[in-house]
Amino acid sequence: MQKYDKRLLELAGAQHFVVGREQLLELGSPRQVQWRMQTGLLERVYESVYRIAASPSTWKQTVMAATFAGGKFSVASFRTAAQLRDLPAGQEVCEITSPRHRRARHDGVIPHESRFMSDRDITYLDNIPVTRAARMMNDLGLLVCRGELSVDTYDHTMLEAVRRDLVDVPQVWAEWERLGGVERPGGLMVERMLNNFIPPSSKNATTPELRLLQIVRAAGLPEPVLQFRVWLSPTRWVDLDLAWPEFEAWAEFDPYKWHGNRDAYMKTIARRLEVESKLKWRGVPVTDDELDAGCPLVIPILADLLTPQ
């Protein structure tokens, strides 16, 4: 009994404390499984899917259980796949894709089915089976068409995925063609996004900086350079979040929480004053609230700064 339980806990611990019945039967007999149900070590989540009863109940555990319930080649997908990658389109929902005619229908699970679902579509994140990034970007196009995901969030997700080297444009195009192109639901939206996509000029930009880049582009302002380095002296420099060298203008994301204390705040202000006084560059800081609102105050200022004199 102790050997069985040890092996069970080792297996379950690697799977967010979830196991499938087939796995349990590989470890022992149906009687051993039944005994652990009766004694409270195991509890059923779905048919043929169990969790260690004393384990913490987490979102990832719920997702793992749902992939087991869906059967072979059932994977976390759409917004769940984005959330597992910490991308803007992500939500802590349980969205699962299964092979055609094997859609998983369970309480709390958002089901999808596809005739394209094999090993080439699947990778593993924290041991959870999940659609690969190029497939995820194609799937999310369907949610944009349904009005369940905004165009801005979709574009931001692509920018962030490219910045982090999770995917590149040729990979998403290749997946788009494999899945059916414009004939696939959501295919037109994916095509629009890819045709209009402009990669970020720097992969060192943060997620908020990419969101600011989106807003600047949507306003029709000139394309900025991300993380542009300007020299204050032969040994000192500043990397500006967004810069327009030809206009000697800049914009920087300025979240309150990043300062942390008065010294950090004063250092940031001093740095900006040096850029203004020594280099004669002009710019504007962007707060959290301003970014969340779509930069209604910042955009007119930038438009003025970026108007040829």
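## Helices H6 and H7

Helix H6 (residues 133-146) and H7 have axes that come within 10 Å and cross at roughly 170°; helices here are DSSP runs (H or I, at least four residues; strands are E, at least two), numbered from the N terminus. The axes are lines fitted to C-alpha atoms, for helices over the stretch in contact, and angles run from 0 to 180 degrees between N-to-C directions. H6 and H7 are therefore roughly antiparallel to each other, a term for angles over 145 degrees, with under 35 being roughly parallel, 65 to 115 roughly perpendicular and the rest oblique. The model is predicted: local features need pLDDT of at least 70, side-chain atom pairs count only at pLDDT 80 or more, and totals for chains, interfaces and linings use all residues. Residues are numbered from 1 along each chain as its sequence is written, and side-chain values use heavy atoms, with hydrogens and water left out.

On the H6 side, Met137, Leu140, Gly141 and Val144 meet Val151, Tyr154, Thr157 and Met158 of H7, where contact means heavy atoms within 4.5 Å. The contact of H6 with H7 comprises six nonpolar, two polar and no charged residues. In this classification Ala, Val, Leu, Ile, Met, Phe, Trp, Tyr, Cys and Pro count as nonpolar, Asp, Glu, Lys and Arg as charged, and the others, Gly among them, as polar.

## Helices H7 and H10

Helix H7 (residues 151-163) also packs with helix H10 (residues 207-218), at an angle of about 130° and with the axes 10 Å apart. That makes H7 oblique to H10. The crossing is right-handed, meaning that the near helix is turned clockwise from the far one by less than a right angle, whereas anticlockwise is left-handed.

From H7, the residues Asp152, Asp155, His156, Leu159, Glu160 and Arg163 meet Thr207, Leu210, Arg211, Gln214 and Arg217 of H10. This contact has two nonpolar, three polar and six charged residues.

## Helices H8 and H9

The axes of H8 and H9 come within 11 Å, crossing at roughly 155°. That makes H8 roughly antiparallel to H9. The crossing of the two helices is left-handed.

Val169, Val172, Trp173 and Trp176 in H8 meet Gly187, Val190, Glu191, Leu194 and Asn195 in H9. By class, there are six nonpolar, two polar and one charged residues in the contact of H8 with H9.

## Cavity

The structure holds one cavity of 30 Å³ or more. On a 1 Å grid over the protein atoms alone, a cavity is a set of points where a 1.4 Å probe fits but cannot get out, a pocket is an open set with protein on both sides within 12 Å along at least five of seven lines, and lining residues have an atom within 4 Å of a point. Grid points are joined across faces, edges and corners, and a volume is the space filled by probe spheres set on the points.

The largest cavity has a volume of about 30 Å³. Its lining consists of Asn138, Trp176, Leu179, Gly181, Arg184, Pro185, Gly186, Gly187 and Val190. Helix H8 (169-179) and helix H9 (187-196) each supply at least two of the lining residues.

By class, the lining of the largest pocket has nine nonpolar, eight polar and six charged residues.
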